[in-house]
Amino acid sequence: MQTRFSKILILTAMMLTLVPWATRQAYSQQNASGVSDRSSVARGSTKYSSREPSPSNDAFADLSNTRIREIESLEQQCLDEVNRVRRARRLARLDFYDDLLPVARQYSRRMAEERFFSHTDPDGRTVRERVDEADIKWRMVGENLAYSNGYINPVAASLHRWMDSPGHRRNILDPDFRLTAIGAWIDSDGTVYFTEIFLKQ
């Protein structure tokens, strides 16, 4: 009798753990890559590396060290997974681009705090304008957005949705893109937002 009760208790605990995971969805939105004309190419420095992202102090001013580590970990995991997908298809890995990180992270934060989810912000600006405002040179730019809530692994959920979407998949697997940054943000309700920006310079 006691073993049967233990089995029922374990099964109930497993179901309660999986129910939020099974009933919540990850959402994503795609944006095709664009090519700028010569007159709108921003002037800026070229800084990229294959090292891990470093924190932007302004974006983290009001966060705990634990939350900062969570955000940085999500960003690194997502970049690693995107590069794993590219390697599996014999594509060059995307190099992390330092100057893009604040642009991507700030956009994820803005979507979380202002409660919108779109490639066009409430002011009518797209990724092209945001990258130009950061004074970053580019010839081709693309952006993937995702958010998820209730998943044990928000990176896997978001990457899965990106790969199931033709536009997102095209951005991830485009051999012309060589630079990227992924900015994450965790909302107060636990929703995780991702903004990945892809560049060809």
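These legends accompany several close-up views of a predicted model.

In this predicted model, local features need pLDDT of at least 70 and side-chain atom pairs count only at pLDDT 80 or more, while totals for chains, interfaces and linings use all residues. Residues are numbered from 1 along each chain as its sequence is written, and side-chain values use heavy atoms, with hydrogens and water left out.

**View 1. The whole protein chain, for orientation.**
The protein chain holds six helices and five strands, in the order α-β-α-β-α-α-β-α-α-β-β from the N terminus. Helices (H or I, at least four residues) and strands (E, at least two) are DSSP runs, numbered from the N terminus. Of the 201 residues, 44% are buried; here buried means under 20% relative accessible area, exposed means over 50%, and partly exposed lies in between (1.4 Å probe, protein chains only). Among contacts with a separation of 6 or more, 77% are between residues 24 or more positions apart, a contact being heavy atoms within 4.5 Å. The chain exposes about 11000 Å², and carbon and sulfur atoms supply 51% of that area. These areas come from the Shrake-Rupley method with a 1.4 Å probe; for residues, only the protein chains shown count as cover.

**View 2. Helix α3 and its neighbours.**
Helix α3 spans residues 100–114, and its 15 residues reach 21 Å from the first C-alpha to the last, close to the 21 Å expected at 1.5 Å a residue. That expected span is 1.5 Å times one less than the number of residues. How much of α3 is covered? Mostly covered is the answer, with 11 of its 15 residues buried. The buried residues include L100, V103, A104, Y107 and M111, and also the arginines R105, R109 and R110. Look around the helix and you will find the elements that its buried residues pack against: α2 (65–88), β2 (95–96), α4 (127–133), β3 (140–148), β4 (179–186) and β5 (192–200).

**View 3. The largest nonpolar core.**
In soluble globular proteins, nonpolar side chains tend to be buried together. A nonpolar core is a set of buried Ala, Val, Leu, Ile, Met, Phe, Trp, Tyr and Cys residues joined through side-chain atoms within 4.5 Å. The largest one here has 45 residues, of which L100, V131, I172, F194, I197 and L199 touch the most other members. At least two residues each come from α2, α3, α4, β3, α5 (154–164), α6 (166–173), β4 and β5. Helix α3 gives the most, with seven residues.

**View 4. Two buried asparagines.**
N171 is found in helix α6 and counts as buried because its relative accessibility is 1%. Its side chain is joined to that of N144 by a polar contact of 2.9 Å. A polar contact is a pair of N or O atoms within 3.5 Å; within protein, one must be able to donate a hydrogen and the other to accept it, and residues adjacent in sequence count only if both atoms are side-chain atoms. N83, found in helix α2, counts as buried because its relative accessibility is 2%. Setting aside residues up to four places away in sequence, N83 touches R93 and L94.

**View 5. Salt bridges.**
Side chains of opposite charge can pair when their charged atoms come close. A search of the whole structure finds 12 salt bridges, each a side-chain nitrogen of Lys or Arg within 4 Å of a carboxyl oxygen of Asp or Glu. D187 pairs with R115, with the closest N and O atoms 2.2 Å apart. This pair links distant parts of the chain, 72 residues apart: D187 is in the loop between β4 and β5, and R115 in the loop between α3 and α4. Is D187 buried or exposed? D187 counts as buried at 8% relative accessibility, whereas R115 counts as exposed at 56%.

R130 and E143 meet in another salt bridge (2.3 Å, N to O). R130 lies in helix α4 and E143 in strand β3, so the pair ties together parts that are 13 residues apart in sequence. R130 counts as buried at 7% relative accessibility, and E143 is buried at 0%. Finally, look for the network of salt bridges that links R110, E114, D121, D123, R125 and E133.
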